[in-house]
Amino acid sequence: MTFKTLTTALAFATLTGAGLTTAAYGDDTASVQSFYDLLSNPGAAEQVAAFEAATAEDWTSSGDYSGADKSRAAFLGQVGGFAQLIPDLNWEVQAMHQDGAFVTVRSRATGTPIAPLFGVDGEGRSFDIMTIDIHQLEDGVISRSWHVEDWAGALQQLSGH
């Protein structure tokens, strides 16, 4: 063991002992990644199973302040519809950061709807939008998610403006 390795190990042990790191960091980000794997493959049974394993049974998704949060079952129904409407949907994680029980994700969603999306017929056009999500974890599973997607930008791109 070199002096540099020993010094690094001691510094890490000191930080861990002071409670400044989260021991489950890798496990939590893997759970959150399964959320995006589902969004990119919403029709795949194995992705649905991984999402269900990574989320609490009473998980909720909040996209606004209306109070109309989505349950896990409602969310799975919605993304199942996306699988039919946007067969090439891709939800790529651009950055993921954990701070305690919260994981913040910036991602990029792209796709080409084969029918009107939110009433807009894109006539074969694609969209490329930014999304921001905050996931709260309890005991290694996602208990709640807050999200914002640039659907207005997607509709603008699909309308050709």
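Colleague: Which residue is the bridge partner of Gly111 in β5?
Modeller: Phe127 is the partner of Gly111. This is a predicted model, by the way.

Colleague: How do β4 and β5 run, and how many bridges join them?
Modeller: They run antiparallel, with 10 bridges. Strand β4 covers residues 102-111.

Colleague: Which residues are on the covered face of β5?
Modeller: Phe127, Ile129, Thr131, Asp133, His135 and Leu137. The uncovered face has Asp128, Met130, Ile132, Ile134, Gln136 and Glu138. In a regular strand, side chains alternate between the two faces of the sheet.

Colleague: What stands opposite Ile132 in β6?
Modeller: Val148 does. Eight bridges join β5 to β6, and these strands run antiparallel. Their hairpin has two residues between the strands. Asp139 in that hairpin takes a positive phi near 55°.

Colleague: What about β1 and β6, parallel or antiparallel?
Modeller: Parallel, over four bridges. Ser61 has Ser145 as its bridge partner in β6.

Colleague: What is the strand order of the whole sheet?
Modeller: β2-β1-β6-β5-β4-β3. The sheet is open, has six strands and shows mixed pairing. β2 (70-71) and β3 (90-99) stand at the edges. Each has a single partner strand, so one side of each is left without a neighbour in the sheet.

Colleague: New topic. Which residues form the negative surface patch?
Modeller: Glu57, Asp58, Glu138 and Asp139. Asp58 lies in strand β1, residues 55-62.

Colleague: Why does Asp58 count as exposed?
Modeller: Because its relative accessibility is 62%, and exposed means over 50%.

Conventions. Residues are numbered from 1 along each chain as its sequence is written. This is a predicted model: local features need pLDDT of at least 70, side-chain atom pairs count only at pLDDT 80 or more; totals for chains, interfaces and linings use all residues. Side-chain values use heavy atoms; hydrogens and water are left out. Patches are made of residues with over 30% relative accessible area and no salt bridge: like charges are joined within 9 Å, nonpolar side chains (Val, Leu, Ile, Met, Phe, Trp, Tyr) within 5 Å. Accessible areas come from the Shrake-Rupley method with a 1.4 Å probe; for residues, only the protein chains shown count as cover. A salt bridge is a side-chain nitrogen of Lys or Arg within 4 Å of a carboxyl oxygen of Asp or Glu. Lys and Arg count as positive and Asp and Glu as negative; His and the chain ends are not counted. The place of a charge is taken as NZ of Lys, CZ of Arg, CG of Asp or CD of Glu. Buried means under 20% relative accessible area, exposed over 50%, partly exposed in between (1.4 Å probe, protein chains only). Two strands pair if DSSP finds at least two bridges between them.
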